[in-house]
Amino acid sequence: MVLLYLYMQNNVHETTTYKSYVSDLHPEVKDKKIIFISDTHFREKVSLITLDKILIHIESMQPDLILFGGDIIHNEASDQVLEHVKDFFSQLVSIAPTYTIYGNHDLKS
């Protein structure tokens, strides 16, 4: 059970959809689709297939804006992990404008 849990934590992503209504929203922001992502925790053995699935899923949602809430990298990052991160974010940017902040794990690397 523990191994199954650990596998799912690292390989299964979850999508939750919320609709938010703000009465005095600026017209330029009204009816925009925003995707929020966080805690990818890229590691040495990151699955490129999983990353592709996530990117395809995000693209299918046709977002107007992508926000990344941190913990991009798990801890210390090798050059290979950094290359995967760069590739992932370059593909996100090609889908929609993307903004990110660092999480506590990112600050360690």
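This text goes through a sheet, a pair of helices and a pair of aromatic rings in turn.

The model is predicted, so local features need pLDDT of at least 70, side-chain atom pairs count only at pLDDT 80 or more, and totals for chains, interfaces and linings use all residues. Residues are numbered from 1 along each chain as its sequence is written, and side-chain values use heavy atoms, with hydrogens and water left out.

Begin with the strands. Helices (H or I, at least four residues) and strands (E, at least two) are DSSP runs, numbered from the N terminus. Three strands form an open sheet in the order β1-β2-β3, with parallel pairing; two strands pair if DSSP finds at least two bridges between them. Strands β1 (34–37) and β3 (98–100) are at the edges with a single partner strand each, so one side of each has no neighbour in the sheet. From one strand to the next, the twist averages 15°. Strand β2 (residues 65–68) pairs with β3 over three bridges, in the parallel sense. Leu67 has Tyr99 in β3 as its bridge partner.

Now turn to the helices. Two packed helices are described by the angle between their axes and the distance between the axes. Axes are lines fitted to C-alpha atoms, for helices over the stretch in contact, and angles run from 0 to 180 degrees between N-to-C directions. Helix α2 (residues 48–60) packs with helix α3 (residues 79–95) at an angle of about 15°, and their axes are 10 Å apart. That makes α2 roughly parallel to α3, a term for angles under 35 degrees. In the contact (heavy atoms within 4.5 Å), residues of α2 including Leu51 and Ile58 meet residues of α3, among them Phe88 and Leu92.

Phe88 also belongs to an aromatic pair. Rings of Phe, Tyr and Trp (its six-membered ring) pair if their centres lie within 6.5 Å, and planes over 60 degrees apart count as edge-to-face. The count comes to three aromatic pairs. In one, Phe42 and Phe88 are edge-to-face, 5.4 Å centre to centre with 65° between the planes. Phe42 lies in the loop between β1 and α2, and Phe88 in helix α3, 46 residues apart.

Definitions and conventions
Parallel < 35°, antiparallel > 145°, perpendicular 65-115°, else oblique. Phe/Tyr/Trp six-rings, centres within 6.5 Å; stacked < 30°, edge-to-face > 60°.
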